[in-house]
Amino acid sequence: MEETVFAKIIRRELPADIVYEDSDVIAFLDIKPNQKGHTLVIPKTYARNIFDIDENTWNKLTETVRKLAPIVREAVGASGVSISMNNEPAAGQIVFHAHVHIIPRFDNDHGYNGGHTYAPGERTEVAEKIKAALT
């Protein structure tokens, strides 16, 4: 596995608000969210991005995104979600480990400008709501 911040999260060397994990993927709240509940879903098997991810890993990744999207939306009371993946620097990829963004969207949220700042304890509260909805 290439050494990335996501590899460190998978190995539990860095903290993360993990909302879902199985043997193939892990999902956690983004540390620089566009909106409250912005979640990243990543494969545990390393792939740089869409250009080198194998079909089996891609299928597991996207199935998890499909499973989590409505739960994230409901947990934060969003009107919808945007699903995105940035591939290579020209497309805005910063961490070179394949990952898909689930970004809650709210009526009149004016897109992604400004991002979201969690109040103290809010990030943990959101993570707990998502995890609770999965059980």
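Tutor: Let us begin with Glu128, which is partly exposed at a relative accessible area of 42%. Buried means under 20% relative accessible area, exposed over 50%, and partly exposed in between, with a 1.4 Å probe and protein chains only. This is a predicted model, in which local features need pLDDT of at least 70 and side-chain atom pairs count only at pLDDT 80 or more, while totals for chains, interfaces and linings use all residues. Residues are numbered from 1 along each chain as its sequence is written, and side-chain values use heavy atoms, with hydrogens and water left out.

Student: Which side chain meets Glu128 in a salt bridge?

Tutor: The partner is Lys131, at 3.0 Å from N to O. A salt bridge here is a side-chain nitrogen of Lys or Arg within 4 Å of a carboxyl oxygen of Asp or Glu. Lys131 is partly exposed, because its relative accessibility is 29%.

Student: How are Lys131 and Glu128 placed in helix H3?

Tutor: They are 3 residues apart in H3, so about one helical turn separates them. Helices (H or I, at least four residues) and strands (E, at least two) are DSSP runs numbered from the N terminus.

Student: How many salt bridges are there by this rule?

Tutor: The count is 11. One of them joins Glu21 to Arg12, with the closest N and O atoms 2.4 Å apart. Glu21 has 32% relative accessibility and therefore counts as partly exposed; Arg12, at 45%, counts as partly exposed too.

Student: Which residues are linked in a network of salt bridges?

Tutor: Glu3, Arg11 and Glu13 are linked in such a network. Within it, the side chains of Glu13 and Arg11 meet at 2.8 Å, N to O. Glu13 is partly exposed at 47%, and Arg11 is partly exposed at 38%.

Student: Changing topic to helix H2: what should its span be, and what is it?

Tutor: H2 covers residues 55-76, and at 1.5 Å a residue its 22 residues should span 32 Å; the end C-alpha atoms are 31 Å apart, which agrees. The expected span is 1.5 Å times one less than the number of residues.

Student: Where does H2 bend?

Tutor: H2 bends by about 30 degrees at Leu68, and Pro70 follows within four residues. The bend is the angle between axes fitted to the seven residues ending at a position and the seven starting there.

Student: What is found at the ends of H2?

Tutor: At the N-terminal end, Asp54 is the cap, with a side-chain oxygen 3.1 Å from the backbone nitrogen of Asn56. Just after H2, Gly77 takes a positive phi of about 70 degrees.

Student: Which residues of H2 are buried, and what covers them?

Tutor: The buried residues include Leu61, Val65, Leu68, Ile71 and Val72. Among the elements covering the buried residues of H2 are strand E1, strand E4 (80-84), strand E5 (100-105) and helix H3 (122-134).

Student: Which residues touch the most other members of the largest nonpolar core?

Tutor: Val19, Leu29, Val41, Ile102 and Ile130 do, in a core of 25 residues. H2 gives the most to this core, with 8 residues. A nonpolar core is a set of buried Ala, Val, Leu, Ile, Met, Phe, Trp, Tyr and Cys residues joined through side-chain atoms within 4.5 Å. Apart from this core lies another, of 9 residues, among them Ile26, Phe28, Leu40 and Val95.

Student: What does Val19 touch?

Tutor: Not counting residues up to four places away in sequence, Val19 touches residues including Leu29, Ala127, Ile130 and Leu134. Contact means heavy atoms within 4.5 Å.

Student: How many residues apart in sequence are Ser82 and Ile102?

Tutor: They are 20 residues apart in sequence and 6.0 Å apart in space, C-alpha to C-alpha.

Conventions. Polar contact = N/O pair within 3.5 Å; in protein donor to acceptor, adjacent residues only side chain to side chain.
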